[in-house]
Amino acid sequence: MYLTDFLSEHCADNNITSIINNLSNAAIKISNEIKNVDNKNNAQFNVGNTNIDGDLQKPLDIFADEALITCLRDCPVSGYASEEQDGFIDFNNNHEFIVLADPLDGSSNIDVNVTIGTIFSIIPRNNLPLTEAFLQKGIQQKSSGFFVYGPQTTLFLTIGSGTYLFALNENDQKFLLINKISIPEKTSEFAINAAYKRFWDKSTLKYIENCQQGENGIRGKNFGMRWVGSLVADASRILIRGGIFLYPADTRERYREGRLRLTYEANPIAFLVEQANGMATNGSAEILNLNVKKIHQRTALIFGSQEEVIEFRNSLEKS
Ligand code: AHG
Ligand code: MN
Ligand code: MN
């Protein structure tokens, strides 16, 4: 079944259907641009600008952002916020929905031909001024998803009743439904950037040490570690075969609230994970319930297999 047919069957809101169809066209454009080796956007140099978070912008970050803006202009969308924009874009209409996006996630992996992606979140405006509409909690999302530009181009999508995986059929350039996603409740794989161990908080340190002790330790089983360094790639693996992802708050000046962005990274991923039977937390509260004070707010993010996320939360008390 094609994505377009899936949406006409399962999505009651024509506006959301139109937004997702348009986003998927933008993603196909981005995916083809990534594969085009004879292309200045894939040049192995940075444009030299930094975005609002102080990260270097690469040509593909900007290409992806522009592709999303162009496609959203034709959608029932009144505003757009992204990692690559300081504030938000006001489309100057009264349409019901707003979109937040990380146009290109994992940009440090562009030059090395490792999986990258596009994350999006669709929220009703709820008659709010745009300045307030963008600060609604994740629980308000009506749909979220991310495109993965890897060996295959895929889409993880939720419209609020389950999480579904689609893959781009290269022959006709259309997304085909692969299956419904359910994250296995148990896992013995964790994903964390272990280089930052010295900056971790106590509960992260305790949890990872317990995993590393393996079958002779308190957990009584051996763990493996996987870390791609693109949130979309790690999330894709965890949604399909289980696991736990941790990017905790740490003691580095810039990352005291965590590194990942709440509105266009953590919230959309948390919605997909919860709809797939998993859990997503900042350590003490559910991601989808966190208050949003600014568009580029950072958060700690721990998500994945239920049993493991609960174990993470309990690890301090048990030690
Ligand atoms: P982005 O490229 O959009 O800035 O996101 C990168 C994020 C995320 O994809 C990944 O999980 C994390 O940064 C990796 O951070 P470290 O380099 O600190 O490990
Ligand atoms: Mn990102
Ligand atoms: Mn990005």
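Residues are numbered from 1 along each chain as its sequence is written, and ligands are numbered from 1 in the order in which they are written. Because the model is predicted, local features need pLDDT of at least 70 and side-chain atom pairs count only at pLDDT 80 or more, whereas totals for linings use all residues.

Ligand 1 is surrounded by 18 residues, each having a heavy atom within 4 Å of it, and the closest are Asp105, Ser107, Asn193, Leu231 and Tyr247. This shell divides into 6 nonpolar, 5 polar and 7 charged residues, where Asp, Glu, Lys and Arg count as charged, Ala, Val, Leu, Ile, Met, Phe, Trp, Tyr, Cys and Pro as nonpolar, and the others, Gly among them, as polar.

Which domains give residues to the shell? Domain 1 (3-180) and domain 2 (189-318) both do, so ligand 1 lies between them; the domain bounds come from an automatic or database domain assignment.

Several oxygen atoms of the ligand can be followed to individual residues. A polar side-chain atom of Tyr247 lies 2.6 Å from an oxygen atom of ligand 1, a polar side-chain atom of Tyr196 lies 3.0 Å from an oxygen atom of ligand 1, and for Ser107 a backbone N or O atom lies 2.9 Å from one.

Definitions and conventions:
Side-chain values use heavy atoms; hydrogens and water are left out. A polar contact is a pair of N or O atoms within 3.5 Å; within protein, one must be able to donate a hydrogen and the other to accept it, and residues adjacent in sequence count only if both atoms are side-chain atoms.
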